[in-house]
Amino acid sequence: MKVYGITGGAGTGKSEVIRMLRDDFNGYVIMADDVARELTMKGNISYRLIVEHFGSEVLAADGEIDRKKLADYVFNDKDALEQLNSMTHPYVREEIMRRIEAAKASGQYAFVALEAALLLECGYENICDEFWYVYTKPEIRRQRMKDTRNYSDEKVDAVMKNQLPDAVFFERCQFVIENNTTLTDVYEQLKKKLVV
């Protein structure tokens, strides 16, 4: 069973692609951000490590990690960010591999789709058979972020500036899904790739 790593910047329509892979093509979907969020909830490994290291000042009133406080804490501190990453990334990766094995063992799915914003940066080459990039023209992405997320031009600029350039994805991804027109067009691209 193949494992496809799906990536793409904000406003590319990645979530629509993921929905199609799950609903229309029987893919088992793993969202890396959701796995990370689960592992940083009370009682889980990353939660314990973060609280031990950063202390109770990163907790909200309910005892869960206050993501905003934690983000503020590591924002301008490269060492703190590296510490945080070492408390999350290895465990996220471990859990993702466990879920892939479970999906394969179940025999219920056609493939696994792993969605991760930092797919290339986090070295998922040895987990994924192929990397897929959801590409959308910058002007369309901008408009989507303004329409769907209510982002200002400044916010859109900041988001886009923090992401790798398209050229890097074109070079390192084996399949590019163009999402510049309609979802029907996206569906047809996926169908051509997945249906033999």
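This is a predicted model: local features need pLDDT of at least 70, side-chain atom pairs count only at pLDDT 80 or more; totals for chains, interfaces and linings use all residues.
Which residue in β3 does Y28 stand opposite? Y28 faces V112.

On one side of the story is strand β2 (residues 27-31), which runs parallel to β3 and pairs with it over five bridges. Strand β1 (residues 3-7) also pairs with β3 in the parallel sense, here over four bridges. V112 turns up again in that pairing, because V3 stands opposite it.

## How covered is β3?

β3 is mostly covered, with five of its five residues buried. Both of its faces are covered too: F111, A113 and E115 are buried on one side, and V112 and L114 are buried on the other.

E115 is the charged residue to look at next. Its relative accessibility is 8%, so it counts as buried, given that the cut-off is under 20%.

What does E115 meet in a salt bridge? Its side chain meets that of K14, at 3.3 Å from N to O. The two residues come from distant parts of the chain: K14 is in helix α1 (residues 14-23) and E115 is in strand β3 (residues 111-115), 101 residues apart.

K14 is buried as well, at a relative accessible area of 14%.

## Salt bridges elsewhere

Across the whole structure, a search turns up 13 salt bridges. One of them joins K68 and D72, whose closest N and O atoms are 3.0 Å apart. Both residues sit in helix α4 (residues 67-74), four residues apart, or about one turn of the helix. K68 counts as exposed, at 58% relative accessibility, while D72 is partly exposed, at 48%.

Another salt bridge pairs E125 with R172, with the closest N and O atoms 2.6 Å apart. E125 lies in the loop between β3 and β4 (130-135) and R172 lies in helix α8 (residues 166-172), so this pair ties together parts that are 47 residues apart in sequence. Both partners are partly exposed: E125 has a relative accessible area of 42%, and R172 has 32%.

Finally, there's a group to check out: E38, E95, R98 and R99 are linked in a network of salt bridges.

Definitions and conventions:
Residues are numbered from 1 along each chain as its sequence is written. Side-chain values use heavy atoms; hydrogens and water are left out. A salt bridge is a side-chain nitrogen of Lys or Arg within 4 Å of a carboxyl oxygen of Asp or Glu. Buried means under 20% relative accessible area, exposed over 50%, partly exposed in between (1.4 Å probe, protein chains only). Two strands pair if DSSP finds at least two bridges between them.
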